[in-house]
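Please keep the sequence and the model open while reading.

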Amino acid sequence: MKILLIKPPQNPNLTKNTLYEPLELEYLAASLRGLTVRILDMRIDRNLHRNLLNFKPDLVGISAYTCDYNTSVQILKEIRLLDKSIITVVGGHHATFMPDDFVLPWVDGIFLGYADTTFPQYINAVGNPDKLREIPNIGIVNNNSVYFTKRDLTPPDLNSLPIPDRSLTYEYRNKYHDSVRNRLSLLMTSRGCAFRCNFCACWKLMDGKYAVRTPESIIDELKSLPEEIEAVYFSDDNTFNNIERIWKLSALIKKNGIKKKMQMYARVDTIIRNQALFEDLAGAGLQFLTVGIESFRNSDLDFYKKKTTVEMNNQAIRFLKKINIYILAHIIVRPEYSKEDFRQLLSYVYENNLFRPGFPVLTPLPGTELYQNTRDTFTMTNFDFFDFVHSILPTRLDPKDFYRQLTNLYVKSYAISRLIRHRFNRLLSLNKERYFTDNTDGVTIRKLLIVYLYSVVTYFKLRYFSPGVSHHSYHQK
Ligand code: B12
Ligand code: SF4
């Protein structure tokens, strides 16, 4: 049996300054030992028809985040129109939390949750309806109706999963890079999260459970990465739930002489409680840390159920600046923000010397508590705009003003004049407390010039944005 796995084209609303490998498809491909599998990354190669005609797959599987929903449905339809005999299946976050959205004439199977074990079972059972019904966590689609099999959210034994098959993305390898153009691999060391933030569905994917790989198995994968990979992005929900494991990993990375720039995600409470560990990791190659700062005020943090405080945020920032780790600060913009809130947010960025902030707009992703509580108030239901750039929820400010304020946050945070002023004040200002660090999160004037170019593009996108406009909307609600 020949299987084609597709990563859909990038949602045009998203900036294109990074491109990460489709780890989900590399995991699935690895689970299908002995079969002929190809990966088509349509963010790079848009020629669907040529690939279908050349490869002639028996089954096509596509992965879809919510913002890829419309595009993936369009692709599934094109496949069905081209060749009715091809079996089509879909998986990923949108399929997991909104499976009914894929009950369509051009879809045969829907996968809910992690599919490393269910996908090979499905392939083995194709053509045998009774066997298909025994596989957990799938939807079997027939004549516009669906049969959902039993839910089983037992976490998989991550150590027994094969290493993702990166040979299938070899031809795209030199196109995958992070925002500073490092050639990069994703690596997953755990799944799930013990926290319960209201805007996040990651913990729901495994019903709140948490599973980890051993440091030894992570080292095996690190060693297997292609030679040219310079950076590794840990794509876990929460890498640090088990601190001992990471101490051991850090020691093993050093012992094995692995020299990769590492990018991880960490909560601020983890950082301040485990400062020695982060210093150790810096010695093992940790360079960038994505930190969910989320807000400049405690009432927002409480609303998000983040279980952190502004004081913790500030402490973590100061510590990371001191040990020279670059902070990718995520600060959520609430649709309710007034001009004064935007002003306070920007002051927070200035005061804390955050030079690489991201400002995702609070988005009610399917599967989240936020989605449940706000779904009746959505101003847009087209999934193209669930991209963290547009507001799905009603904004307090007039939308034009809201997007102007949002753009302003980026323009001011990434202003070249800000960096020059900072350097100047570091030297000359008596207010050493205000300009407490030289660590500008790896931002330099040269890099800012590039970011500037992207900001201008984003500005024009937002300026000419008109809600509801979409290329293909197959959302039926
Ligand atoms: C790394 C990462 C990224 C990387 C890119 C990853 C990539 N390969 O494209 C970066 C940082 C660029 C990124 C960007 C974005 N991301 Co992101 N990202 C992640 C993260 C942390 C890990 C993803 C990962 O590598 N998982 C590892 C693989 C093994 O797991 P998986 O993807 O779930 O796949 C398994 C199953 O879902 C299933 N499956 C998946 N696809 C398929 C297909 C078939 C056929 C089958 C059978 C099964 C199947 O089987 C897989 C193996 O078990 C997740 C959090 C999370 N826990 O998933 C968020 C997450 C996926 N991102 C999210 C979002 C919203 C975004 C952005 C829109 C944010 C933004 N505006 O920048 C963009 C969208 C990018 C895009 N469309 O390409 C959301 C998606 C939620 C949703 N409902 O859509 C998540 C869940 C985080 C969150 N906030 O909740 N992201
Ligand atoms: S936002 Fe982070 S800490 Fe909160 S539940 Fe999601 S993964 Fe866990």
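Where does Asp108 lie? Asp108 sits in the loop between helix H4 (93-97) and strand S5 (109-111). Helices (H or I, at least four residues) and strands (E, at least two) are DSSP runs, numbered from the N terminus.

This is a predicted model: local features need pLDDT of at least 70, side-chain atom pairs count only at pLDDT 80 or more, and totals for chains, interfaces and linings use all residues. Residues are numbered from 1 along each chain as its sequence is written, while chains are lettered from A and ligands numbered from 1 in the order in which they are written.

**Asp108.** Asp108 is buried, with 22 other C-beta atoms within 10 Å. A residue is buried at 20 or more such atoms, exposed at 12 or fewer, and partly exposed in between, with C-beta atoms placed from the backbone. Not counting residues up to four places away in sequence, Asp108 touches Ile87, Thr88, Val89 and Val141; contact means C-beta atoms, placed from the backbone, within 7 Å. The C-alpha atoms of Asp108 and Ile87 are 6.3 Å apart, at a separation of 21 residues along the chain.

**Positive phi.** Lys56 is not a glycine, yet its phi is positive. Asn324, also a residue other than glycine, has a positive phi.

| Residue | Phi | Loop between | Burial |

**Ligand 2.** Residues around ligand 2 (C-beta atom, placed from the backbone, within 6 Å) include Cys193, Trp203 and Arg267.

Methods
Two residues are in contact if their C-beta atoms, placed from the backbone, lie within 7 Å.
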